[in-house]
Amino acid sequence: MNWVLHLHLVAAIAWIGGGFLMFVLGITLRNKEDQDAVYPRIGPIYGYYETGALIILLITGPVMIYHNGLLDILFSNVTNDVIDALRTKLYFVAVIVVLTIIHMTVSMMTLDKIKTPRQRLLSKGSSMGIFLLNLVVLHYAMVLRDIL
């Protein structure tokens, strides 16, 4: 079952690393013309790449939970360091999934169009939320690794 953990880690590296790349692009491309030249080209490729990584994470995570006998405990009243950290991590993952759906929906709807102020707010807000919450999820992954 080690292959599932390795696949999960590679997908996490792709997901979080891609987020860092887009964050760096976002803060370094200040010129609107540069943004208009880069984002329409890299955005769709990045979106499919990140969607693939997220799907792998959403499959391998539950497989590891099940394989380690944590599924029943996760949905019980049991509380300990491992279960509490895992629950917290999964709550943040759920929020990230919702933010990702919002971001991808807005991005796909406005691919060749100018975003309205509301769409821009939803797109940038969800993107920033995903980026920041990824750091929180990474923290809880390290907490779990330290405990185990």
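Rings of Phe, Tyr and Trp (its six-membered ring) pair if their centres lie within 6.5 Å, with planes under 30 degrees apart called stacked, over 60 edge-to-face and the rest tilted. With that rule in hand, here are the views. This is a predicted model, where local features need pLDDT of at least 70 and side-chain atom pairs count only at pLDDT 80 or more, while totals for chains, interfaces and linings use all residues. Residues are numbered from 1 along each chain as its sequence is written, and side-chain values use heavy atoms, with hydrogens and water left out.

**View 1. The aromatic cluster of Phe20, Phe23 and Phe131.** These three residues form one aromatic cluster. The structure has three aromatic pairs by the ring rule. Phenylalanine 20 and phenylalanine 131 make an edge-to-face pair, at 5.1 Å centre to centre and 80 degrees between the planes. This pair links distant parts of the chain, with phenylalanine 20 in helix H1 (residues 2-28) and phenylalanine 131 in helix H5 (residues 117-147), 111 residues apart. Helices here are DSSP runs (H or I, at least four residues) and strands are runs of E (at least two), numbered from the N terminus. Phenylalanine 20 is partly exposed at 37% relative accessibility, whereas phenylalanine 131 is buried at 12%. Buried means under 20% relative accessible area, exposed over 50%, and partly exposed in between (1.4 Å probe, protein chains only).

**View 2. The stacked pair of phenylalanine 92 and tyrosine 140.** Here the ring centres lie 6.3 Å apart, with 25 degrees between the planes. Phenylalanine 92 sits in helix H4 and tyrosine 140 in helix H5, so the pair ties together parts 48 residues apart in sequence.

**View 3. The salt bridge between aspartate 84 and arginine 87.** Which N and O distance goes with this salt bridge? The closest N and O atoms are 3.7 Å apart, and the definition asks for a side-chain nitrogen of Lys or Arg within 4 Å of a carboxyl oxygen of Asp or Glu. A search of the whole structure finds one salt bridge. Aspartate 84 and arginine 87 are three residues apart in helix H4 (residues 81-109), and therefore about one helical turn separates them. Aspartate 84 is partly exposed at 31% relative accessibility, while arginine 87 is buried at 14%.

**View 4. The helices around these sites.** The protein chain has five helices and zero strands. Of its 148 residues, 30% are buried.
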